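Subject: Handover of a structure

Dear colleague,

Please find the sequence and the structure below. A summary of what was found follows directly after them.

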Amino acid sequence: MHEEITGVILAGGRGTRMAGEDKGLVPIGGVALYRYVLARLRTQVTAVAINANRNQKRYQASGLPVIGDLTPDFAGPLAGMLAGLEHAAGKWVAFVPCDVPDFPATLVEELWRQKGDAPAAYASDGERDHPTLALLHTGLIPQLTDYLARGERKLMLFLKEVQAQRVVFSGQQAAFHNLNTPDDCRRWQQERGLRDE
């Protein structure tokens with residue numbers, strides 16, 4: 001990859017299925033969930049920022065830039081994506097959610113390689129699409145701003161509108177498993193033999 005790509009961790013949600021807890025900060029083995037995601041993303045991009053709307057000081061402890069949504073109403077992942085696109089120094093931004101710690105180690109590289117001429121690409125495991133794991137060009141800012149201003153919130157619909165490229169990571173369903181609930185986190189911790197600290 002010859003382009004500068006900024007990575008953005010999407011941690012701006014309400015955490016409703018995590019009993020209202022800030023999902024990215026849920027401790028697993030004594031480490032905040034987002035840090036597992038960060039460790040995996042850091043090697044794939046030029047720079048990393050975190051999109052968060054709550055507990056921003058706790059995310060800032062990572063030493064990374066923390067950016068809030070530009071809209072005040074928890075408008076979903078697209079609002080975080082817009083904030084990330086506005087923040088980026090380069091032309092391309094790779095997005096990953098804070099609750100998918102095992103996403104493919106080649107995610108950004110494959111999205112980049114297979115996007116063709118499209119202004120965006122997103123991951124699929126062949127059975128399900130995972131639109132929050134995506135690569136977007138900053139040239140989409142005006143379209144995305146307009147889309148959100150119209151009250152639209154559906155990420156997949158926006159990606160279809162801009163003719164984003166679907167990139168299949170076949171045989172890697174487990175890599176896209178997201179930790180939605182406290183039980184998911186406990187199971188993931190046990191599978192890895194991580195101890196509470």
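In the unreviewed UniProt entry, the annotation "binding site" covers Asp99. UniProt positions are given here in the numbering used in this message, feature names are shortened, and annotations may be inferred rather than shown by experiment. The structure is a predicted model, in which local features need pLDDT of at least 70 and side-chain atom pairs count only at pLDDT 80 or more, while totals for chains, interfaces and linings use all residues. Residues are numbered from 1 along each chain as its sequence is written, and side-chain values use heavy atoms, with hydrogens and water left out.

The annotated positions

Asp99 is found in the loop between β6 (92-97) and α4 (107-114); helices (H or I, at least four residues) and strands (E, at least two) are DSSP runs, numbered from the N terminus. Asp99 counts as buried because its relative accessibility is 6%. The terms are buried for under 20% relative accessible area, exposed for over 50%, and partly exposed in between (1.4 Å probe, protein chains only). Leaving aside residues up to four places away in sequence, Asp99 touches Lys23, Leu33, Val37, His177, Asn178, Leu179 and Asn180, where contact means heavy atoms within 4.5 Å.

The same annotation in the unreviewed entry covers Leu10, Ala11, Gly12, Lys23, Asn51, Asp69 and Asp99. Of these, Leu10 lies in strand β1 (residues 5-11) and is buried, at a relative accessible area of 10%. Among the residues that Leu10 touches, not counting those up to four places away in sequence, are Asn51, Met81, Phe95 and Thr132.

A second residue in the loop

Pro104 also has its place in the loop between β6 and α4. With a relative accessible area of 3%, Pro104 is buried. Its contacts, not counting residues up to four places away in sequence, are Arg40, Gln44, Phe169, Gln172, Ala175 and Phe176.

Helices α3 and α5

Helix α3 (residues 77-87) packs with helix α5 (residues 141-149) at an angle of about 150 degrees, and their axes are 10 Å apart. Axes are lines fitted to C-alpha atoms, for helices over the stretch in contact, and angles run from 0 to 180 degrees between N-to-C directions. The two helices, α3 and α5, are therefore roughly antiparallel to each other, a term for angles over 145 degrees. The contact involves Leu78, Ala79, Met81, Leu82, Leu85 and Glu86 of α3, together with Ile141, Leu144, Thr145, Tyr147 and Leu148 of α5.

Helix α7

In helix α7 (residues 182-191), the buried residues are Asp184, Cys185, Trp188 and Gln189. They lie on the same side of α7, because they cover an arc of only 130 degrees around the axis; the arc is that of the directions from the helix axis to the C-beta atoms. Gln190 and Glu191, on the other side of α7, are exposed. The cover over the buried residues of α7 includes β2 (27-28) and α1 (33-42). Just after α7, Gly193 has a positive phi of about 65 degrees.

Yours sincerely

Notes
Parallel < 35°, antiparallel > 145°, perpendicular 65-115°, else oblique.
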